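User: I have a structure open and would like to go through it step by step. Could you help me read it?
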2 protein chains.
Amino acid sequence: MEKEKSMAEITRKMKADSFRMASLSEEVRNRILRAVKETLLENREEIFTENRKDLEQAKSDNLPDPVIKRLKFDEHKLASVAEGIDQLIGLSDPLNRKLMDRELDEGLRLVRTTCPIGVIGIIFESRPDALVQISTLCIKSGNCVVLKGGSETRNTNRILYELISRAAIENGAPEGCMHQAQAHSEIDELLNCYGSVDLIIPRGSNSFVQYIMNHTKIPVMGHADGICHIYVDKDADVDMAVKIITDAKIQYTAACNAAETLLVNRQIAKEALPKIAKDLRAHNVLLRGTKEVSELIECQEMKEEEFRTEYLDLIISVKLVDDVDEAIAHINRYGSHHTDAIITNDHETAERFLRLVDSAGCYVNCSTRFSDGFRYGFGAEVGISTSKLHARGPVGLEGLTTYKYLLYGSGQTVGEYADGQKQFHFKDL
Amino acid sequence: MEKEKSMAEITRKMKADSFRMASLSEEVRNRILRAVKETLLENREEIFTENRKDLEQAKSDNLPDPVIKRLKFDEHKLASVAEGIDQLIGLSDPLNRKLMDRELDEGLRLVRTTCPIGVIGIIFESRPDALVQISTLCIKSGNCVVLKGGSETRNTNRILYELISRAAIENGAPEGCMHQAQAHSEIDELLNCYGSVDLIIPRGSNSFVQYIMNHTKIPVMGHADGICHIYVDKDADVDMAVKIITDAKIQYTAACNAAETLLVNRQIAKEALPKIAKDLRAHNVLLRGTKEVSELIECQEMKEEEFRTEYLDLIISVKLVDDVDEAIAHINRYGSHHTDAIITNDHETAERFLRLVDSAGCYVNCSTRFSDGFRYGFGAEVGISTSKLHARGPVGLEGLTTYKYLLYGSGQTVGEYADGQKQFHFKDL
């Protein structure tokens with residue numbers, strides 16, 4: 001039946017239902033999560049069967065092995081997904097938290113309390129476990145959600161969605177609590193639902209996220225590119241630098257938090273660069289650098305403007321700088337405000353870097369790859385935000401909430417305060 | 001010199017300077033605020049002279065009296081502006097506040113810390129004290145700001161800007177800390193500065209704010225319309241309802257938080273409506289209502305779709321509803337998510353209203369006019385936001401900050417955690 005409705009109709013209905021979704025108690029939301037976990041475990045065979053269809057299709061479509069590996073949903077993935085739901089149930093309620101409780105005057109009390117954002121549209125890549133993670137985060141935070149997963153996991157997503165939404169509705173969620181978009185054309189329809197959809201979270205390639213941002217009036221949370229830098233200061237421990245740079249480049253090359261650019265202080269370059277280059281080459285990384293760099297190590301020469309490149313591949317850009325300030329200026333100009341690291345043993349230089357680099361993550365002496373909801377201890381994430389408004393960095397439960405101000409009065413009018421009959425006394429409770 | 005530069009050049013320079021602005025210590029920012037206060041007091045005669053020019057122009061342009069009154073900047077306004085700066089100096093620092101401090105593993109510490117948003121463009125109405133309030137809020141929160149005030153206060157704004165920016169720069173702020181746009185055409189130029197301007201805050205009419213929202217890729221914080229409701233429940237104290245409704249309608253008719261629509265429970269309508277109507281009429285308010293309402297009190301008949309109207313005038317829309325749920329549904333559908341109030345003595349009904357109404361301010365037994373930064377005890381506000389992302393409701397210092405994640409390591413790589421050599425232990429410090 002739903003398939004005959006337009007996305008506009010579906011999201012309008014979700015909007016109307018979102019207030020009921022927002023008012024579910026913590027007990028009901030956790031009961032739903034327990035039911036979701038149980039139904040996934042009970043229907044494992046059906047899920048695996050559907051997943052095999054996707055895997056066969058992927059093989060006959062000659063998709064690359066790493067992609068096929070990510071599509072797989074087996075006992076191991078199911079167990080980790082179930083464990084994730086248990087963790088989510090254990091997290092404290094993100095809703096109805098008092099962020100402020102202030103007596104403005106006798107009998108006039110202002111409370112700032114957290115509440116869900118409302119209706120969220122999430123467009124994500126081809127990993128079936130992402131659907132479970134996203135939908136359970138939305139349940140815990142009281143949000144309605146439109147899910148659009150990758151077409152390569154069509155069959156797995158469909159059965160997962162059916163099981164999860166049925167468990168949610170049977171346990172107290174309103175009918176419009178979630179919807180699965182299946183056709184690619186539904187993405188453009190979703191982008192037009194300004195007024196009924198409160199937030200879009202796109203996960204995917206740079207050009208895809210740019211497209212979303214340019215084609216909707218709905219606020220978009222996420223990041224387009226991840227041009228992450230590592231700056232090796234003159235006071236760096238060179239062995240540590242070698243280890244961190246190689247990890248940040250090769251541990252997961254396609255990740256947004258992998259390093260793309262290496263900045264090296266001129267005073268340490270002669271000593272450090274050959275060691276760094278040797279280790280990177282041993283891991284098949286191609287080095288590209290300015291003319292000056294090419295005089296110290298063998299590398300492909302590159303131009304200044306190319307420092308805006310996100311390779312997502314075994315390639316790294318290298319440049320020399322005079323000091324931490326030149327490194328900061330380069331990062332703020334060419335970077336994507338995602339995650340950037342300094343390697344130094346000098347405390348003051350490190351603090352200057354942390355204060356002045358304008359990125360969601362500013363690191364000292366560790367790999368940029370740590371920028372991730374799980375590694376930050378958030379349980380799970382719906383994405384990483386490079387926006388400066390609302391949520392920044394990895395976005396977990398907290399980023400899926402907003403707040404409202406409640407004012408409890410006993411007949412007060414503003415006129416009484418304007419003409420001096422009454423006065424505010426502002427007492428935090 | 002600045003006038004020859006384009007807005008794009010000016011904001012690029014501001015962006016480059018914004019990192020220095022962000023790193024000013026609390027001591028320096030408060031020193032600047034003290035210098036701003038002193039220079040305004042010392043140069044009072046020059047300010048009053050410039051203000052008289054604006055007032056004469058306004059009179060010869062035949063501007064209405066209430067507008068002319070707002071343009072006036074005299075000893076009284078100067079004293080209140082100086083008091084506001086003193087209060088701002090006394091407020092605790094909104095920057096470098098630790099929002100989280102977590103040990104991920106031994107020697108790997110994650111800190112979430114507040115920082116300025118960067119470069120903010122604020123377009124505001126014709127009140128010279130607004131320029132002082134906005135620029136000092138930006139100084140305290142470490143933001144660079146482009147100011148565009150109303151043309152009616154051109155001369156007063158120019159002298160205020162010159163005094164404030166000189167005091168800021170002489171006391172340690174970077175040159176690009178603030179800029180005053182003077183020509184109306186500069187607004188469109190400003191809207192094109194995506195990448196160097198982080199946030200636009202427009203204050204003004206509904207159509208003006210809509211225009212801004214539709215013509216920029218830069219995030220916009222604020223509100224277009226303010227269609228605020230008061231719902232009189234069956235368990236309302238009728239005398240209290242009369243008093244609150246009249247205040248919310250007439251205390252400042254042109255304000256965004258003035259009431260535009262009255263919803264009355266059918267069970268109490270026969271008793272309450274005539275009393276409410278009588279008091280409103282005594283204050284020259286024109287009543288408009290549905291056919292059903294016109295059978296109870298004398299009023300102009302109106303259609304359902306007209307409930308989306310923001311009058312900003314001595315006019316109010318009236319409708320009857322069955323219960324609190326119908327009132328909530330009406331408010332969420334026709335309202336502007338700004339501020340809405342319920343009048344009731346029933347605690348449960350009140351809580352249901354507060355939980356389910358999707359507005360920045362949800363009030364019980366008091367006037368919608370309380371929705372304001374000063375009345376909330378924020379000291380001052382840059383505007384009121386109906387957005388659900390970032391800041392909602394009156395926006396003070398806190399809404400002008402964002403946060404970043406700092407990660408302090410000692411050589412950690414993600415590979416060590418991925419292959420099980422090391423494990424996270426997540427300990428909040």
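Predicted model: local features only at pLDDT ≥ 70, side-chain atom pairs only at ≥ 80, totals over all residues.

User: What share of chain A's residues is buried?
Analyst: Of the 429 residues in chain A, 53% are buried.

User: And how many helices and strands does chain A have?
Analyst: Chain A contains 15 helices and 17 strands. Its C-alpha atoms fill a box of roughly 75 × 70 × 35 Å, taken along the principal axes.

User: Which domains does chain A have?
Analyst: The assignment gives domain 1, made of 2-222 + 387-404, and domain 2, covering 228-370. The C-alpha centres of domain 1 and domain 2 of chain A are 35 Å apart.

User: Let us turn to sheets. What is the strand order in the open sheet of 4 strands in chain A?
Analyst: The order is 5-4-3-6, and the pairing is parallel. Strand 5 (178-180) and strand 6 (199-202) of chain A are the edge strands, as each pairs on one side only. From one strand to the next, the twist averages 15°.

User: How many bridges hold strand 3 and strand 6 of chain A together?
Analyst: Strand 3 (residues 119-123) of chain A pairs with strand 6 of chain A over 4 bridges, in the parallel sense. Within this pair, A:Ile123 stands opposite A:Pro202 of strand 6.

User: What lies across those strands?
Analyst: Helix 1 (residues 7-22) of chain A lies across strand 3, strand 4 (144-148) and strand 5 of chain A. The helix runs at about 140° to strand 4 of chain A.

User: What about chain B: which way do the residues of strand 6 point?
Analyst: In strand 6 (residues 199-202) of chain B, B:Leu199 and B:Ile201 point one way, while B:Ile200 and B:Pro202 point the other way. All of these residues are buried. Strand 6 of chain B runs parallel to strand 3 (residues 119-123) of chain B, and 4 bridges join them. One partner is B:Ile201, which is bridged to B:Ile122.

User: Back to chain A. Which residues of helix 13 are buried?
Analyst: In helix 13 (residues 324-334) of chain A, the buried residues are A:Val324, A:Ala327, A:Ile328, A:Ile331 and A:Tyr334. They cover an arc of only 160° around the axis, so they are on the same side of helix 13 of chain A.

User: And what covers them?
Analyst: The cover includes strand 7 (228-232), strand 8 (259-265), strand 11 (315-321), strand 12 (339-343) and helix 14 (347-356) of chain A.

User: Is A:His337 buried or exposed?
Analyst: A:His337 counts as buried because it has 23 C-beta neighbours inside 10 Å.

User: Where is A:His390?
Analyst: A:His390 is in the loop between strand 14 (383-385) and strand 15 (393-395) of chain A. A:His390 has a positive phi of about 60° and is not a glycine. With 20 C-beta neighbours inside 10 Å, A:His390 counts as buried.

User: Lastly, which residues does B:Pro94 touch beyond its close neighbours in sequence?
Analyst: Leaving aside neighbours within four places in sequence, B:Pro94 is in contact with B:Thr114, B:Lys140, B:Ser141, B:Leu397, B:Glu398 and B:Thr401. B:Pro94 is in the loop between helix 5 (75-90) and strand 1 of chain B. The C-alpha atoms of B:Pro94 and B:Leu400 are separated by 8.8 Å, although these residues are 306 residues apart along the chain.

Conventions
Residues numbered from 1 in each chain as written. Chains lettered and ligands numbered in written order. Buried ≥ 20, exposed ≤ 12 C-beta atoms within 10 Å, placed from the backbone. Helix = DSSP H or I, 4+ residues; strand = E, 2+ residues; numbered from the N terminus. Pairing = 2+ DSSP bridges. Axes fitted to C-alpha atoms, helices over the stretch in contact; angles between N-to-C directions. Contact = placed C-beta atoms within 7 Å. Domains from an automatic or database assignment. Arc of directions from axis to C-beta.
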